[in-house]
Amino acid sequence: MTLVACHQLAPVVGDLSGNAVRAQAAIDQALEAGAEVVVLPELCTSGYVFESQEEAAALAIGRDHPILAGWAGAAGLSGAIVAGGFCERGEDGLIYNSAAVFPGAGTPAFYRKLHLWDREKLWFTPGSEFPPIIDSAVGKLGVVICYDLEFPELTRAVALAGAQLLLVPTNWPVVARPDCERPAEVVIAMAAAGANRMAIACADRCGIERGQEWEQGATIVGPDGWVLAESCEPGLLIADVDLDAALDKHYTELADAFADRRPDFYASVAGAPAGAPH
């Protein structure tokens with residue numbers, strides 16, 4: 001079993017130094033609890049509700065910034081995997097909604113969000129590379145960001161690439177739903193996990209930012225698609241996850257999530273003409 005933690009914290013838009021302290025404290029709390037994998041929310045270095053492209057640019061940091069060096073140091077000292085979202089200033093001068101993953105003392109991995117939600121299109125450039133698949137001490141990890149999770153083509157591709165656990169830094173805005181129902185994004189995570197036999201850890205945020213309320217829906221889902229832990233409260237969410245189970249794609253002796261696929265019929269889903277070779 002692998003102890004996975006999501007920390008649901010409340011970044012403050014514009015407060016780069018304060019957010020750095022909040023994120024580091026969240027990592028430290030998770031590590032003190034024995035977490036082997038720690039996931040922080042989307043854009044937890046900068047906050048989310050920007051008023052202009054100039055504001056987003058002013059809060060963007062490079063991959064060598066001291067904030068991320070702190071995350072890397074915590075991962076290196078503990079041997080744990082630390083991941084979280086940040087507002088990135090690329091070497092090309094463009095601004096990206098990005099995630100960093102520090103696998104213990106191993107080589108860090110970075111990912112730029114492919115699917116930009118709503119007004120994110122005004123502030124960010126979409127990524128252009130497939131999510132990294134990271135070899136770690138606990139198994140193979142993938143990472144996507146928030147809205148990316150809602151594209152089954154992407155989560156399937158990450159699972160086919162070998163990911164046993166998908167890390168999802170996210171900021172889920174409150175959306176109306178029927179009473180007693182989970183947020184739709186959690187239902188999507190459950191479906192993606194069950195369909196791919198892949199665990200998923202969603203680190204949502206909390207608080208109200210410039211009038212925007214958040215779901216506060218941090219959730220850890222097992223490879224069978226069932227929720228292992230969930231919380232609508234600020235703070236640490238933690239669960240034991242059987243990542244070895246993600247290596248077995250069988251539902252039954254004769255039913256297999258991957259072996260039973262018929263990709264020749266799916267080409268149109270990926271934008272290619274129907275009947276095109278996969």
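I started at A100, which stands opposite F110 in strand 5. Strand 4 (residues 95-103) pairs with strand 5 in the antiparallel sense, over four bridges. My strands (E, at least two residues) and helices (H or I, at least four) are DSSP runs numbered from the N terminus, and I call two strands paired if DSSP finds at least two bridges between them.

I'm working on a predicted model, where local features need pLDDT of at least 70, side-chain atom pairs count only at pLDDT 80 or more, and totals for chains, interfaces and linings use all residues. Residues are numbered from 1 along each chain as its sequence is written, and side-chain values use heavy atoms, with hydrogens and water left out.

I then traced the open sheet of six strands: the order is 5-4-3-2-1-14, with mixed pairing. Strand 5 (109-112) and strand 14 (235-241) stand at the edges with a single partner strand each, so one side of each has no neighbour in the sheet. On average, neighbouring strands here are turned by 25° against each other, direction ignored.

**Helices.** Next I looked up helix 3 (residues 66-78), which lies across strand 3 (81-89), strand 4 and strand 5, and runs at about 170° to strand 3. Contact means heavy atoms within 4.5 Å; axes are lines fitted to C-alpha atoms, for helices over the stretch in contact, and angles run from 0 to 180 degrees between N-to-C directions.

Helix 1 (residues 16-32) packs on helix 3 at about 10°, with the axes 10 Å apart. That makes the two helices roughly parallel (angles under 35 degrees count as such). From helix 1, I noted L16, A20, A23, Q24, I27 and L31 in the contact; helix 3 brings I67, G70, W71, A74 and S78.

**Hairpin.** I also checked strand 12 (residues 219-221) and strand 13 (residues 227-230), which run antiparallel and are joined by three bridges. V221 stands opposite V227. Five residues separate the strands of this hairpin, and G225 in the turn has a positive phi of about 90°.

Terms used. Parallel < 35°, antiparallel > 145°, perpendicular 65-115°, else oblique.
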